[in-house]
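Morning, everyone. Please bring the structure up on your screens, and I'll walk you through the two chains.

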Amino acid sequence: MSDKYLVDIKNERLSFFTPAGEVKALNDVSIHLEPGEVLGIVGESGSGKSVTAYSLMGLTANPGKLIGGSLMFNDHQIENMTEREMRKIRGSEVSIIFQDPMTSLNPVYTIGNQIVEVIMLHTDKTRKEAKERAKELLELVGINEPSKRLKQYPHELSGGMRQRVMIAIALACEPKLLIADEPTTALDVTIQAQILELMMELKEKLGMAIIMITHDLGVVASMCDRIAVMYAGRIIEYGTTDDIFYNPKHMYTKGLIRSIPRLDATEHERLVPIEGTPVDLLNPPAGCPFAPRCEACMKICLRQMPPKAVFDEVHYTHCWLNQKEMMEKGEANE
Amino acid sequence: MSNEFIKVEHLKQYFPAGGHGKNKRFIQAVDDVNFTINKGETLGLVGESGCGKTTTGRSLLRLYEPTGGRFEFDNNVIFDVENKKFAKMDEFRKRMQIVFQDPYASLDPRMTVADIVGEAIDAHKLASSKQDRYDMIIEMLERVGLNSEHANRYPHEFSGGQRQRVGIARALAVRPDFIVCDEPVSALDVSIQAQVVNMFEDLQNEMGLTYLFIAHDLSIVKHISKNIGVMYLGRMVELADSFEITSHPVHPYTKSLISAIPIADPKIARESKRIVLEGDVPSPLNPPSGCRFRTRCKYATERCACEVPQFKEVSAGHYAACHNLDACN
Ligand SMILES: Nc1ncnc2c1ncn2[C@@H]1O[C@H](COP(=O)(O)OP(=O)(O)OP(=O)(O)O)[C@@H](O)[C@H]1O
Ligand SMILES: Nc1ncnc2c1ncn2[C@@H]1O[C@H](COP(=O)(O)OP(=O)(O)OP(=O)(O)O)[C@@H](O)[C@H]1O
Ligand code: SF4
Ligand SMILES: [Mg+2]
Ligand SMILES: [Mg+2]
């Protein structure tokens with residue numbers, strides 16, 4: 001059944017064993033993606049967005065450990081693979097781009113060197129062929145005068161141009177999955193618009209799937225097919241982009257959508273913030289992690305983690321209120 | 001008496017960038033910027049990274065020696081470079097404060113919250129006794145939604161939103177009437193941003209504060225500002241009422257800036273057409289002649305290369321600097 005999925009993460013648990021204690025970064029995270037699908041992951045800082053994505057690439061930082069669940073990508077069982085095996089698929093079947101391209105580009109090598117190296121690592125192209133391909137790639141990501149750019153160093157390029165180079169490197173081997181971790185957060189909006197446009201164009205052309213991690217609800221609204229909302233290391237709501245924006249069910253998602261001011265507002269309306277502060281993952285609450293900030297919090301919310309409330313094939317939440325509403329309608333499940 | 005509490009005319013701030021004598025080079029960080037803010041109101045400043053927003057705010061507070069222009073604050077001339085008039089800042093320093101973007105970097109990690117707020121009170125000798133000082137600290141903390149329990153804690157014990165509150169309490173402690181808010185919510189989570197933005201609004205209403213509110217998120221700026229100024233490469237290209245400028249921008253740069261902002265509404269996002277700007281912002285060391293936006297502007301004509309467009313009123317309270325407003329509207 002799961003063979004139609006490109007990504008199938010089931011019940012992932014991952015903790016960081018720090019001197020201060022166990023940071024439960026991921027608690028029972030399940031995500032699946034079909035080929036060519038664009039999934040957005042949104043949520044507060046520290047909710048586990050990056051950790052989820054990196055674990056899928058076998059890039060969990062020390063002292064992090066996968067302590068449960070299974071991660072399937074493109075018929076590879078990721079948790080059973082060695083670093084050597086992972087290196088083969090990283091950059092070829094799955095690529096990642098980060099927020100700050102400066103940290104992932106090597107300042108002492110030319111752009112050309114860095115692209116050629118990736119190509120030669122994953123294909124049997126000769127250096128000359130790889131150079132040709134590098135030129136093509138720069139053209140593909142909209143960089144003018146590619147021959148000249150190949151000879152330049154990262155610091156000689158603007159932020160937007162560096163991010164294009166990162167995308168070129170990520171796409172060098174036409175991966176099936178591109179993970180983008182806040183790819184435009186460090187860029188200006190006009191440059192962000194260029195990069196997002198480029199990513200969508202390339203997705204159409206190459207048919208890859210994208211996991212888009214961002215805190216910007218505007219970015220997911222315009223790009224994604226589906227959205228996972230994370231809170232304290234859990235996916236607390238998952239649905240189509242329209243579900244999340246027009247029919248949010250979880251109190252956190254509702255709050256999130258209400259708390260952003262809209263550029264197209266026609267009168268001044270007071271913002272509705274989510275009160276309180278984010279969770280301390282060293283001491284997470286016993287029940288629903290959002291309970292201490294939730295207006296609708298009930299007794300059970302403080303005691304027990306809410307099970308899945310399923311609305312349709314796609315849309316679900318983890319929320320006792322939703323559970324109760326369904327019960328009243330006589331359609332409780334799981 | 002005008003109610004123009006803040007009046008900025010032809011503000012220029014250049015920074016030396018190497019070279020000697022005739023070859024001395026300058027970064028024209030702010031070049032001929034004009035605006036006014038009425039008492040108790042907010043002017044938002046937006047524009048791409050490096051366009052001169054922070055420099056504008058900091059030069060008003062005299063954190064730099066202004067290169068040119070004139071700044072009047074509550075009918076006092078703070079500086080008038082042309083006429084070599086510079087006010088003694090002691091009196092005004094306390095009335096003008098700044099809140100920074102990064103709540104981490106702007107708070108001393110070795111000081112308790114009480115010390116941080118208290119330091120500002122001491123610097124301006126505002127407290128008459130120890131008890132008075134303590135009461136003032138607690139009052140400020142309560143104003144920003146913290147309380148006496150927080151007073152003896154250190155910055156690292158707080159979340160980002162709480163730290164930003166501490167930074168604001170510090171600025172408020174000296175009872176300013178003008179605050180430059182430089183990206184005060186940019187580093188915060190979306191759900192926390194709304195808390196802090198509401199607090200800025202409440203404080204303004206309660207204390208009659210005047211804000212220069214700098215941010216790159218136009219939705220937030222629109223929400224909090226009466227008027228918005230859009231900067232590009234050191235110059236103000238458009239200024240108008242916040243609803244007017246977001247619904248009827250007239251300058252080609254503002255138009256593309258607004259269309260580039262992703263709207264958090266999937267149906268609108270799918271339908272809306274972006275005006276994607278080509279290329280990058282040119283270097284402020286060597287800005288284009290004439291209109292600085294011309295290298296990315298699809299309406300640019302020959303005139304745009306040789307003549308600086310005047311910043312003029314196109315309709316009541318709506319200002320723009322462009323030679324070809326007719327062509328692009
Ligand atoms: N190397 C590490 N050591 C200890 N804890 C870590 C480490 N990396 C991540 N964590 C913890 O794991 C949790 C999830 O982190 P993650 O980076 O996935 O958050 P995120 O949702 O991507 O947040 P942001 O929006 O700030 O990027 C956080 O609480 C973080 O403190
Ligand atoms: N102290 C300084 N010395 C030299 N150059 C400076 C100095 N401060 C700012 N600049 C330059 O002046 C220009 C305007 O910078 P400024 O910080 O005002 O931009 P900004 O609009 O606040 O950008 P951001 O959105 O990135 O904060 C930039 O080119 C910057 O590099
Ligand atoms: S003055 Fe010319 S170049 Fe500048 S914005 Fe107007 S049309 Fe474009
Ligand atoms: Mg992250
Ligand atoms: Mg700035």
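A contact here means heavy atoms within 4.5 Å. Also keep in mind that this is a predicted model.

Chain A, then. Take its contacts with a separation of 6 or more. Residues 24 or more positions apart account for 62% of them. The secondary structure of chain A comes to 13 helices and 12 strands. The C-alpha trace of chain A spans about 65 × 55 × 40 Å along its principal axes.

Now burial and surface. Of the 334 residues in chain A, 54% are buried. Chain A exposes about 15,000 Å². Carbon and sulfur atoms supply 50% of that area. On charge, chain A carries 37 positive and 46 negative side chains. The centres of those two sets lie 4 Å apart.

Let's zoom in on one element of chain A. Is strand 8 of chain A enclosed or open? Strand 8 covers residues 209–213, and five of the five are buried. Buried means under 20% relative accessible area. So strand 8 of chain A is largely enclosed by the rest of the structure.

Which way do its side chains go? A:Ala209, A:Ile211 and A:Ile213 point one way from strand 8 of chain A. A:Ile210 and A:Met212 point the other way. Both sets are buried.

Next, the partners. Which strands pair with strand 8 of chain A? One is strand 3 of chain A, residues 38–43, in the parallel sense over four bridges. Another is strand 7 of chain A, residues 177–181, again parallel, over five bridges. Look at A:Ile210 in particular. A:Val38 stands opposite A:Ile210. A:Leu178 also stands opposite A:Ile210.

On to chain B. Chain B has 12 helices and 13 strands. Its radius of gyration is 21 Å, close to the globule-rule 20 Å for 329 residues, so chain B is as compact as a globular protein of that length. Along the principal axes, the C-alpha trace of chain B spans about 70 × 55 × 45 Å.

Buried residues make up 55% of the 329 in chain B. For contacts in chain B between residues at least 6 apart in sequence, 63% join residues at least 24 apart. Chain B has 40 positive and 43 negative charges, and their mean positions are 5 Å apart.

Last stop, one residue of chain B. Where is B:Pro109? B:Pro109 sits in the loop between strand 7 (96–99) and helix 3 (113–123) of chain B. Is B:Pro109 buried or exposed? Its relative accessibility is 56%, and exposed means over 50%, so B:Pro109 counts as exposed.

What does B:Pro109 touch, leaving aside neighbours within four places in sequence? B:Pro109 is in contact with B:Tyr154 and B:Pro155. For a sense of distance, take B:Val46. B:Val46 and B:Pro109 are 63 residues apart in sequence. In space, C-alpha to C-alpha, B:Val46 and B:Pro109 are 31 Å apart.

That's the tour. Over to you.

Key: Residues are numbered from 1 along each chain as its sequence is written. Chains are lettered from A and ligands numbered from 1 in the order in which they are written. This is a predicted model: local features need pLDDT of at least 70, side-chain atom pairs count only at pLDDT 80 or more; totals for chains, interfaces and linings use all residues. Side-chain values use heavy atoms; hydrogens and water are left out. Helices (H or I, at least four residues) and strands (E, at least two) are DSSP runs, numbered from the N terminus. The radius of gyration is taken over C-alpha atoms; the globule rule is 2.2 Å times the number of residues to the power 0.38. Buried means under 20% relative accessible area, exposed over 50%, partly exposed in between (1.4 Å probe, protein chains only). Lys and Arg count as positive and Asp and Glu as negative; His and the chain ends are not counted. The place of a charge is taken as NZ of Lys, CZ of Arg, CG of Asp or CD of Glu. Two strands pair if DSSP finds at least two bridges between them. Accessible areas come from the Shrake-Rupley method with a 1.4 Å probe; for residues, only the protein chains shown count as cover.
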